[in-house]
Amino acid sequence: MSATIPTAAPSFRSRIGRDARSGYYAASRRYRLHLALSCPHAVQIAVAHGLLGLHDTVPLTLLPTVPDAPGGGHLALRPLYEASAHQHPGPAAAPVLSDGWTGRIVSTHAPDILRDLARRFGGDGPDLHPRGSEAAVEDVGRLCEGIASAAQRAGRWDTGPAAREAALAALLDTLDVLERRLDGRAYLLGDGPTLADVQLWATLLELDTVHRHHLDAAAVHRITGHPRLWAYARRLAARPAFGSRIDLDGIARRHHAHCRGREAAGAAVPIVDWAAYA
């Protein structure tokens, strides 16, 4: 079956507010991101970070591709977790947004981190979360979750063919919806990239580099039958903020470290030549 990466439920969900009354508020170099680019949630955050030009404002630390602590998690994050919650249960998982002033974790919840980067640290970058787009961005987020879930179920060879075909049908239906939304558009919302595009692009990257390996060639062929969607993936990959976050070796290593499923014929035929953009 498709890889299932064990992660702890979000333990820290503080938000970045508007000013000092919020406790955590936007201040240059106060916060740091800790990400492993083999994780699709981390890819989303890293892409948004690059689009917003936050390299100096919110420094970024890249973690090992595969969690290196016993029981999962990252050794480098353990001090942050211990400082934030004494005897924290579970792995010291990424992604993490940490506060350098207190030495504690602000958030481990990727959607909140994405929105706070866009809303509080936007600077001169594009408006990734324009006012009034909240519902549309959340809708795309649900579609992306549906893609990942359906692709994983479609690749489960320990279930019957009817269940796999139903999951593949659900996956294709969701891709059809997104294919129609891109008719005549370069981006999902408006004239520039938003968090909706960041989420969808990272989902397509995962679909092709992880889930595809567990689908047969016929299923992969049906997935490729969305020309606007995959042209969109290539177009965004050509932008440095996206392409520079592609870590094919890291994705493969994380996948193989956690996946015990059967690889299928689809593995031999990539949909996008991601290496050309990495």
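Arg78 and Glu82 stand four residues apart in helix 2, a separation of about one helical turn. Both residues belong to a predicted model, and their side chains meet in a salt bridge in which N and O are 3.5 Å apart. Arg78 is partly exposed, with a relative accessible area of 27%. Glu82 is likewise partly exposed, at 34%. Side chains of opposite charge can pair when their charged atoms come close.

To place this pair, one may turn to the chain as a whole. The chain has ten helices and four strands. Read from the N terminus, its elements follow the order β-α-β-α-β-β-α-α-α-α-α-α-α-α. The radius of gyration is 19 Å, close to the 19 Å that the globule rule gives for 278 residues, so the chain is as compact as a globular protein of that length. Along the principal axes, the C-alpha atoms fill a box of roughly 55 × 45 × 30 Å. Of the contacts with a separation of 6 or more, 74% are between residues 24 or more positions apart. Buried residues make up 49% of the 278 residues. The accessible surface comes to about 12,400 Å², and carbon and sulfur atoms account for 52% of this area.

Glu179 counts as buried, at 9% relative accessibility, whereas Arg228 is partly exposed, at 34%. Asp208 and Arg212 also form a salt bridge, with their closest N and O atoms 2.7 Å apart; both of these residues are buried.

Beyond the residues up to four places away in sequence, Arg245 touches Leu37, Val43, Ala46, Val47, His49, Gly50, His55 and Leu60.

Setting aside neighbours within four places in sequence, Thr65 is in contact with Ala36, Ser38, Asp247, Gly250, Arg253 and Arg254. Thr65 itself is located in the loop between strand 2 (60-62) and helix 2. Its relative accessibility is 13%, so Thr65 counts as buried, the limit being under 20%.

In the segment before strand 1 (31-35) lies Arg29, which has a positive phi of about 65 degrees although it is not a glycine. Arg29 is exposed, because its relative accessible area of 52% is over the 50% that marks an exposed residue. Further along, Ala94 and Pro95 are joined by a cis peptide bond, with omega at about 5 degrees. Pro95 belongs to the loop between helix 2 (78-84) and strand 3 (96-99).

Terms used: Residues are numbered from 1 along each chain as its sequence is written. This is a predicted model: local features need pLDDT of at least 70, side-chain atom pairs count only at pLDDT 80 or more; totals for chains, interfaces and linings use all residues. Side-chain values use heavy atoms; hydrogens and water are left out. Helices (H or I, at least four residues) and strands (E, at least two) are DSSP runs, numbered from the N terminus. The radius of gyration is taken over C-alpha atoms; the globule rule is 2.2 Å times the number of residues to the power 0.38. Buried means under 20% relative accessible area, exposed over 50%, partly exposed in between (1.4 Å probe, protein chains only). Contact means heavy atoms within 4.5 Å. Accessible areas come from the Shrake-Rupley method with a 1.4 Å probe; for residues, only the protein chains shown count as cover. A salt bridge is a side-chain nitrogen of Lys or Arg within 4 Å of a carboxyl oxygen of Asp or Glu.
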